[in-house]
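Please read the following report with the sequence and the structure side by side. It takes up strand pairing, then charged pairs, then a pocket.

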Amino acid sequence: MSSSSSSAAAMDVGGIFENSKELDRLRKEQEVVLSEINQIHKKLQSTPEMVEKPGDNSLSRLRILYIQAKDLAENEMNTSNMLVGQLDTLLQPGLPAVPAAQRKKIEVSEQKKKRVKADSEIPRPSPAASIRIQLDHAASLKGERVAARVRADDAEKDEWLVVKVIHFDRETKEFEVLDEDEDEGNVQRKYKLPMSRIIPFPKRGEPSSAPDFPLGSHVLAVYPTTTALYKATVVNPHRKRKTDDYLLEFDDDEGDDGCLSQRAVPFDEVVPLPEGYR
């Protein structure tokens, strides 16, 4: 083997080692998430009436955990694909590489083994209880900072701001919120907005409840040093901790070189991009 071939092989082995560590990290995270999901499943099966109690957030927490489990499974599949590809390049001539179709079948089979119980097995609350849960969660946001779309539905472009929840009216299902930034007349504006135009931020003190946005995800995020939110793309491949900042590229945020600037944004100032964002 030539020195150049040996060097390439060493680089491939190094890449395999790094991806193996990443795969191990992902599987450990999955174990933690699945363990909490199963605990909630047991609680719901033994006491299904708990979801009708004011203040219970079991279903909203379960939804967050399912999203985390889905993201982790997708990341595990991508990392496994990279590992198999790296191993294929190191196989000696004459040894058959694992066909892509077979790799996919193996990966899907592994995921099925780890898959949590289907949603249909979870006791579901009545429609009235579901509405009460949503209203309780909305009322609990009083005093919290949230993302709010303050322009009318027929506006040409959306405008999203960081606002503070003053009150939630259960009858009208509307939030009263305050834009704490003063306008040109030194006045703080108030808005009354429906639930569909409010997105809660992840809580800084509860990083485990924050969604994990993988590389390439489109998100809505607070632009640094402002209280306005804009569409952005996640560009950092892996955050080591849930509390790490996201590295984002905001649309139309070009530097002097004509390239999009990359900006660090705290995890609790990033939310999913709303459907139909303009």
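In β3, Leu178 is the bridge partner of Lys164. This is a predicted model, in which local features need pLDDT of at least 70 and side-chain atom pairs count only at pLDDT 80 or more, while totals for chains, interfaces and linings use all residues. Residues are numbered from 1 along each chain as its sequence is written, and side-chain values use heavy atoms, with hydrogens and water left out.

**Strands and hairpins**

The protein chain has 4 helices and 10 strands, where helices (H or I, at least four residues) and strands (E, at least two) are DSSP runs, numbered from the N terminus. Read from the N terminus, the order of the elements is α-α-α-α-β-β-β-β-β-β-β-β-β-β.

The bridge between Lys164 and Leu178 brings us to strand β2 (residues 160-169) and strand β3 (residues 174-182), which pair in the antiparallel sense over 5 bridges; two strands are said to pair if DSSP finds at least two bridges between them. The hairpin of β2 and β3 has 4 residues between the strands, and in it Lys173 takes a positive phi near 60°, a positive value in a residue other than glycine. Lys173 is partly exposed, at 36% relative accessibility, on a scale where buried means under 20% relative accessible area, exposed over 50%, and partly exposed in between (1.4 Å probe, protein chains only).

On β3 there is a further pairing, with strand β4 (residues 188-194), again in the antiparallel sense but over 6 bridges. Here Glu176 stands opposite Lys192 in β4. The hairpin of β3 and β4 has 5 residues between the strands, and Asn186 in this hairpin takes a positive phi near 60°.

With a relative accessible area of 74%, Asp252 is exposed.

**Charged pairs**

Side chains of opposite charge can pair when their charged atoms come close. How many salt bridges does the structure hold? There are 7 of them, a salt bridge being a side-chain nitrogen of Lys or Arg within 4 Å of a carboxyl oxygen of Asp or Glu.

| Pair | N to O distance |
|---|---|
| Arg170 and Asp136 | 2.7 Å |
| Glu269 and Arg145 | 3.9 Å |
| Arg263 and Asp253 | 2.6 Å |

In the salt bridge of Arg170 with Asp136, the closest N and O atoms are 2.7 Å apart. Because Arg170 lies in the loop between β2 and β3 and Asp136 in helix α4 (residues 127-139), this pair ties together parts that are 34 residues apart in sequence. Arg170 is partly exposed at 37% relative accessibility, whereas Asp136 is buried, with a relative accessible area of 14%.

The side chains of Glu269 and Arg145 meet in a salt bridge at 3.9 Å. Glu269 lies in the loop between β9 (260-265) and β10 (270-272) and Arg145 in strand β1 (residues 145-149), so this pair joins parts that are 124 residues apart in sequence. Arg145 is partly exposed, its relative accessible area being 36%.

Arg263 and Asp253 likewise meet through their side chains in a salt bridge of 2.6 Å, and the pair links distant parts of the chain, with Arg263 in strand β9 and Asp253 in strand β8 (residues 246-254), 10 residues apart. Is Asp253 buried or exposed? At 11% relative accessibility Asp253 counts as buried, while Arg263, at 27%, counts as partly exposed.

Looking at the whole protein chain, 33% of its 278 residues count as buried.

**A pocket**

Rolling a probe the size of a water molecule over the atoms shows where empty space is left. The second largest pocket has a volume of about 410 Å³. A pocket is, on a 1 Å grid over the protein atoms alone, an open set of points where a 1.4 Å probe fits, with protein on both sides within 12 Å along at least five of seven lines, and lining residues have an atom within 4 Å of a point. Of the 25 residues that line this second largest pocket, Arg25, Glu29, Leu72, Asp212 and Lys242 are the closest to its centre. The elements giving two or more residues to this lining are α1 (3-46) and α2 (58-90).

Notes
Points joined across faces, edges and corners; volume = space filled by probe spheres on them.
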